Amino acid sequence: MRLTKYTHSCLRIERDGAVLVVDPGVFSEAAALDGADAVLVTHEHPDHLDVAALTRRLDRAPLPVYGPAALGAVLGDAAQALTPVAPGDTFTAAGIPVRAVGGRHAVIHPDIPVVENVGYLFDDTVYHPGDALHVPTDVEVQTLFAPIHAPWSKFSEVVDFIRAVAPRRAYALHDALLNDNGYGVLDRQYTALSRTDYQRLEPGSRIDA
């Protein structure tokens with residue numbers, strides 16, 4: 001699989017000429033959806049789902065969209081493309097085996113409703129958790145995209161999440177709200193404490209998995 005990290009939480013996965021895009025949100029580049037054969041969404045928040053951009057893409061050419069059933073209420077006319085998925089579901093998207101895990105978004109504040117959040121395991125080796133710190137217990141994750149900064153997150157909890165998943169390598173995810181000062185501090189701390197090969201990729205960077 002060829003992985004391209006776009007801004008914030010967006011990931012593009014390519015294999016055998018097919019393209020799968022995860023979490024094309026309002027902070028990510030529109031080019032992430034170019035040539036997509038399937039889209040996966042972890043949850044309904046705008047930084048993970050740009051409804052307008054996805055609708056424009058669907059207007060050009062239909063493609064399947066996978067995500068929690070709750071997405072149907074926010075997708076509008078695009079809801080007809082949605083295939084609801086729940087934790088434990090397995091399916092194939094753009095030729096890539098996918099398993100859904102987790103189920104609930106991390107708590108931001110008790111006064112803010114908790115929405116559905118589905119993390120995705122690709123080929124049981126690459127893990128995109130969305131906005132949650134769910135640890136899969138029956139796979140050996142090789143590549144983890146870890147949400148390093150969010151209104152709901154605490155640094156120590158993210159470090160412990162990375163350690164618990166115990167991937168061969170971890171890449172920063174969910175980082176668009178940081179500035180250079182924050183990148184510098186968190187890059188040093190995660191590199192020192194995560195107990196794996198940790199890196200933050202610049203948007204548009206490609207790696208193989």
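1. Asp 124 is partly exposed, with a relative accessibility of 34%. By the cut-offs used here, buried means under 20% relative accessible area, exposed over 50%, and partly exposed in between (1.4 Å probe, protein chains only). This is a predicted model: local features need pLDDT of at least 70, side-chain atom pairs count only at pLDDT 80 or more, and totals for chains, interfaces and linings use all residues. Residues are numbered from 1 along each chain as its sequence is written, and side-chain values use heavy atoms, with hydrogens and water left out.

2. Asp 124 forms a salt bridge with Arg 99, with 3.1 Å between the closest N and O atoms. The term stands for a side-chain nitrogen of Lys or Arg within 4 Å of a carboxyl oxygen of Asp or Glu. Asp 124 sits in the loop between S9 and S10 and Arg 99 in strand S8 (residues 96-104), so this pair ties together parts 25 residues apart in sequence. Strands (E, at least two residues) are DSSP runs, numbered from the N terminus.

3. Which other residue pairs with Arg 99? Asp 138 does, its closest N and O atoms being 3.2 Å apart. Asp 138 lies in the loop between S10 and strand S11 (143-147), 39 residues from Arg 99 in sequence. Shared partners join Arg 99, Asp 124 and Asp 138 into one network. Arg 99 is buried at 17%, whereas Asp 138 is exposed at 55%.

4. Arg 15 and Asp 123 also meet in a salt bridge (2.8 Å, N to O). Their positions are 108 residues apart, with Arg 15 in strand S2 (residues 11-15). The whole structure has 8 salt bridges.

Technical notes: Helices (H or I, at least four residues) and strands (E, at least two) are DSSP runs, numbered from the N terminus.
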